[in-house]
Amino acid sequence: MKSMDIKLAEQLIEQWASDNADTLGLNREKIRVSYILNPGGFSNLSLRLSDEDKQLYVKLAPPYKAARLQQWADVSSYLTDHYTAPKLVQAIDHEVVPGYSYGLVFEYIKDATPLENTENPEAVLPRILETIAKLHHDDQLRSMLPTVNSVTYADAFEEEYINRLTEDLEGIRESRELLRDFVSDEMIAWFGDEIARLNAIVRQTPAFLLPAIDVVHNDLNGNNVLAYGRDGFRIIDWDDISGQGDAAMDYSVLLWPYKHDESWSIWREKNLTGSDAATLERLELYFRAKLLDEVIDVLADYIEAERVPEHREAFQNKAKSIHLRAYPQYLAQYGNG
């Protein structure tokens, strides 16, 4: 597994920014670049670009993820105007850092805190949910996004979870030795069986066989919603946006921290009253998939952390901790097959 050279990436972006300082609105004599650790993994590369007066956010993607960033760029102005997304400053349409073929530069959102780290996220959540509900039914935005025929909610679920978990499992098997001290061969076999079992349940659930027509963010975790002030918020990282997704997916990720709270049933009744019965039915299976994700996907992240020696230990300790909590919780809630 090839290591990521963070210092080289910072130097290359600093040189690129210096060459483009006038366009970026930066003082080329005072440009600084710093790597941002992405809690979601290491496939993309994130950096903070600044001088003494201005900060920008740079996100670079490898070739297999470039199309997603390009899609975000195509609708970025609309997302900024209607959905609090950061303003796009410039696209990077060539390889500045080896292995990253495309990138975007955005305004950096200062004085904001990830929702999961705010003291009282419940104060802003109702407004976030209102915004997301509006997104899910935005026909104009849907018309701006690429679509294909005959996509069902089951297809959307498979794209989001089944395919990714299957890829994760392949990587886990290939790097088996890295996990030897806390993941057994029997567990790995169970991972494959459970992915297949979950897919079969989804394919047999009528609510998942309906056409997928929701416009979704697809990654509304607590790091991609930033809160500020009394009830202000910004939604970032729109590269997974889709016009043929599932509102239940957005709700499941955003509301995951509250799912196991004793007040969940009351909270759900109060805040999801506008959702139809089919969406709420799919939501429960998305919650199941989210927990399975914390069992399996974090192991893929554990392996990927080998690429970044500077952050490997801390990231792997966190991934291992999540896995060791989620695995018995999943078995207790959904059984062992």
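Biologist: Let's start with the open sheet of three strands: what is its strand order?

Modeller: Bear in mind that this is a predicted model. The pairing in that open sheet is antiparallel, and its three strands come in the order β6-β8-β9.

Biologist: Which strands stand at the edges there?

Modeller: An edge strand has a single partner, so one side of it is left without a neighbour in the sheet. That is the case for β6 (113-114) and β9 (232-235).

Biologist: And which residue in β9 is the bridge partner of Leu226?

Modeller: Strand β8 (residues 225-228) pairs with β9 over four bridges, in the antiparallel sense. For Leu226, the bridge partner in β9 is Arg234.

Biologist: Moving to strand β5 (residues 102-107), how many of its six residues are buried?

Modeller: Strand β5 runs antiparallel to strand β3 (residues 55-61), with six bridges joining them, and Lys59 stands opposite Leu104 in β5. Strand β4 (residues 88-92) is also antiparallel to β5, through four bridges. β5 is largely enclosed by the rest of the structure, because its buried residues number five of the six.

Biologist: Which residue in β5 is the bridge partner of Ile92?

Modeller: Four bridges join β4 and β5. For Ile92, the bridge partner in β5 is Gly103.

Biologist: On to the rings. Is the aromatic pair of Tyr161 and Tyr286 stacked or tilted?

Modeller: The structure holds 16 aromatic pairs, and this one has its ring centres 6.0 Å apart with 55 degrees between the planes. Stacked would need under 30 degrees and edge-to-face over 60. At 55 degrees, the Tyr161 and Tyr286 pair is tilted.

Biologist: How many residues apart in sequence are the parts that this pair ties together?

Modeller: Tyr161 and Tyr286 are both buried. Tyr161 lies in helix α7 (residues 153-174) and Tyr286 in helix α11 (residues 277-304), so the parts they tie together are 125 residues apart in sequence.

Biologist: What about Phe191 and Tyr327: what kind of pair do their rings make?

Modeller: Phe191 is buried, at a relative accessible area of 0%, and Tyr327 is buried too, at 15%. Phe191 comes from helix α8 (residues 185-203) and Tyr327 from helix α12 (residues 312-334), so their pair ties together parts that are 136 residues apart in sequence. The ring centres are 6.4 Å apart and the planes are at 90 degrees, so the pair is edge-to-face.

Biologist: Which residues form one aromatic cluster with Phe191 and Tyr327?

Modeller: Phe191 and Tyr327 pair edge-to-face. The cluster they belong to also takes in Trp190, Tyr330 and Tyr334.

Biologist: Over which ring does the charged end of Arg282 sit?

Modeller: There's a lysine case as well: the charged end of Lys134 sits over the ring of Tyr83, 5.5 Å from its centre. For Arg282, the charged end is 3.6 Å from the centre of the ring it sits over, which belongs to Tyr153.

Biologist: Last stop, the second largest pocket. Which helix supplies the largest share of its lining?

Modeller: That pocket has about 420 Å³ of space and is lined by 24 residues, with Ala133, His137, Tyr251, Gly274 and Ser275 nearest its centre. By class, the lining has 10 nonpolar, seven polar and seven charged residues. Helices α5 (125-136), α6 (139-144), α9 (247-255), α10 (264-271) and α11 each give at least two lining residues. The largest share, five residues, is from α5.

Terms used: Residues numbered from 1 in each chain as written. Predicted model: local features only at pLDDT ≥ 70, side-chain atom pairs only at ≥ 80, totals over all residues. Heavy atoms only, no water. Phe/Tyr/Trp six-rings, centres within 6.5 Å; stacked < 30°, edge-to-face > 60°. Buried < 20%, exposed > 50% of the residue type's maximum accessible area, 1.4 Å probe, protein only. Lys NZ or Arg CZ within 6 Å of the ring centre and 35° of its normal. 1 Å grid on protein atoms, 1.4 Å probe; cavity = no way out; pocket = protein on both sides within 12 Å on 5 of 7 lines; lining within 4 Å. Points joined across faces, edges and corners; volume = space filled by probe spheres on them. Nonpolar A, V, L, I, M, F, W, Y, C, P; charged D, E, K, R; others polar. Pairing = 2+ DSSP bridges.
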